[in-house]
Amino acid sequence: MPPPTLALERPRTPDEAIAVLAGTSEARVLAGGQSLVPLLTLGFAEPDVVVSLDRCEELDGVAVGESAAAVGAMVTTRHIELDAALADRCPLLVAAAGNVGSPHVRNFGTLVGNLCHADPGSDLIPAALCLGVEVEVRSSRGSRRLSVDELVAGPFVTSLADDELAVAAGVPLRDRSWRHGYRKLALRAGDLAIATAAALVRLEGDTVAEARLVVGGALRRAARVDRLESALAGVACGEAAAVALATGCWVDDLADDLLPDGVTPLEYLRAMLPRFVAATVGDAVAGAA
Amino acid sequence: MNPTGSAQPVRLLVNGLHHEVTCDAGDTLLAVLRERLELKGTKFGCGIGYCGACTVLVDGAAAHACCLLAATLEDRRITTVEGIGDGAGDAVQEAFLEAGAVQCGYCTPGFVVSVKALLAANPAPSLAEVHEFLTGNICRCSGFAAIARAALAAGGDR
């Protein structure tokens, strides 16, 4: 349990939050708390200060533009799950959001918090990587934008400095020539994932013109499957899943990144991941935009 | 802003009543409900947001009380199982009894609060919707089926 000496700051603006972070290297930022509070309870995180964003109203909005949506750091997964505009323009994000934990967790947990927690079993990280999400990060030293690939360094490790605050996620929006697929393997409903697959395919007529494929879960971090993306370009929709399955050797490229969880055998992962991703490709080409 | 880290007074609105409690920054809502407010209906199961035994409503939305810091909830309307039915009987509680959905009873407060939240948002859920919404609640005694029957009975499936 956290010690009685733990301090809590509740700034009213991102600038106030950044000022607190600039003053200590032993702070943790609290968004929805669905990851951090259990870490505090278990003693896996031992900050001196928790900086809660619960009073930062300006971080609680979704702004849907022409080509991108800005999702503030305090926007909950539940909000995303039920947002009609996001369902229309980035349905992959909404599909992944619905898989996160339980309604209880989604009522408080946030997209940005999920990305910054960098749990390999995350649903939102593979979807965000597939979509090309960028995270806006601010500190007293300035601001920068990070791709998911740049943000997530490994299991529970990000590239954020101690004094940096992630304030929003920029989600690219696509038109209806793009279709999505999302699959999650877990033992129980609500669990973090053993494996995740996120797919975006752009169709030209009956052909896959372009594919963005991400595999996550039992990996050090979610990754694009470049070999498979190349193999699918120009393939007829009806052949896409079969081609994806036939190109299953991509899993060998990721051999060093497989991260067995101590329960799921490595041989099982190596056998199922190609089928899992191929099925997700099949879902994408068959599904609605 | 107070960086001293010592216990602070926190004003919480629980089941319609305002309470001024003294708690540490790291105190979860679960700990404050049980240990400061003596509201023992909300249970400690896993303590890390999986089992749902600590389910409460925050502004009507179901939440794991073990995953919330009490000091961040000053302006929120909190409802615990003690605030369900006001002692005069409640359709969800009665449906649980009629369906035989209570064995050891440890998970029951969490399930009752969750079902209240479900029915407030979706008065006549399907079985699939019941299962999906109750992802955050675990029962180790029963086969869960009676709980689902209770939820459907309390809803529009009478």
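Predicted model: local features only at pLDDT ≥ 70, side-chain atom pairs only at ≥ 80, totals over all residues.
# Notebook: patches, pairs and bridges

I began with the surface. Leu192(A), Tyr50(B) and Ile138(B) together make a nonpolar patch of about 230 Å². I then looked up where Ile138(B) sits, and found it in the loop of chain B between helix H4 (127–133) and helix H5 (145–154). Ile138(B) has a relative accessible area of 34%, so it is partly exposed.

**Chain A as a whole**

I checked the secondary structure and got 13 helices and 14 strands for chain A. Its C-alpha trace spans about 60 × 45 × 35 Å along the principal axes. Does the radius of gyration agree with a compact globule or disagree? It agrees: for 289 residues the globule value would be near 19 Å, and chain A has 19 Å. I also noted that 55% of the 289 residues of chain A count as buried. Next came contacts in chain A between residues at least 6 apart in sequence: 63% of them join residues at least 24 apart. The accessible surface of chain A is about 11,600 Å², and carbon and sulfur atoms hold 50% of that.

**Rings**

The ring centres of Phe111(B) and Phe144(B) are 5.8 Å apart with planes at 50°, so I wrote the pair down as tilted. The two are 33 residues apart: Phe111(B) is in helix H3 (residues 108–121) of chain B, while Phe144(B) is in the loop between H4 and H5. Phe111(B) is buried, at 0% relative accessibility.

**Salt bridges**

How many salt bridges does the structure hold over all chains? I got 24. One of them joins Glu74(B) and Arg10(A), at 2.9 Å from N to O. This pair crosses between chains, with Glu74(B) in the loop between strands E4 and E5 of chain B and Arg10(A) in the loop between strand E1 and helix H1 of chain A. Glu74(B) is partly exposed at 26%, whereas Arg10(A) is buried at 11%.

Then I went to helix H3 (residues 77–81) of chain A, where Arg78(A) and Glu81(A) are three residues apart, so about one helical turn separates them. Their closest N and O atoms are 2.8 Å apart in a salt bridge, and both residues are buried.

Asp88(A) is in helix H4 and Arg176(A) in the loop between strands E10 and E11 of chain A, so the bridge ties together parts 88 residues apart in sequence. Asp88(A) is partly exposed at 37%, and Arg176(A) is exposed at 58%. I also jotted down a network: shared partners join Arg10(A), Asp54(A), Arg55(A) and Glu74(B) through salt bridges.

Technical notes:
Residues numbered from 1 in each chain as written. Chains lettered and ligands numbered in written order. Heavy atoms only, no water. Patch = residues over 30% accessible without salt bridge, like charges linked within 9 Å, V, L, I, M, F, W, Y side chains within 5 Å. Areas by Shrake-Rupley, 256 points an atom, 1.4 Å probe, with all protein chains shown as cover. Salt bridge = Lys/Arg side-chain N within 4 Å of Asp/Glu carboxyl O. Helix = DSSP H or I, 4+ residues; strand = E, 2+ residues; numbered from the N terminus. Buried < 20%, exposed > 50% of the residue type's maximum accessible area, 1.4 Å probe, protein only. Rg over C-alpha atoms; globule rule 2.2 N^0.38 Å. Contact = heavy atoms within 4.5 Å. Phe/Tyr/Trp six-rings, centres within 6.5 Å; stacked < 30°, edge-to-face > 60°.
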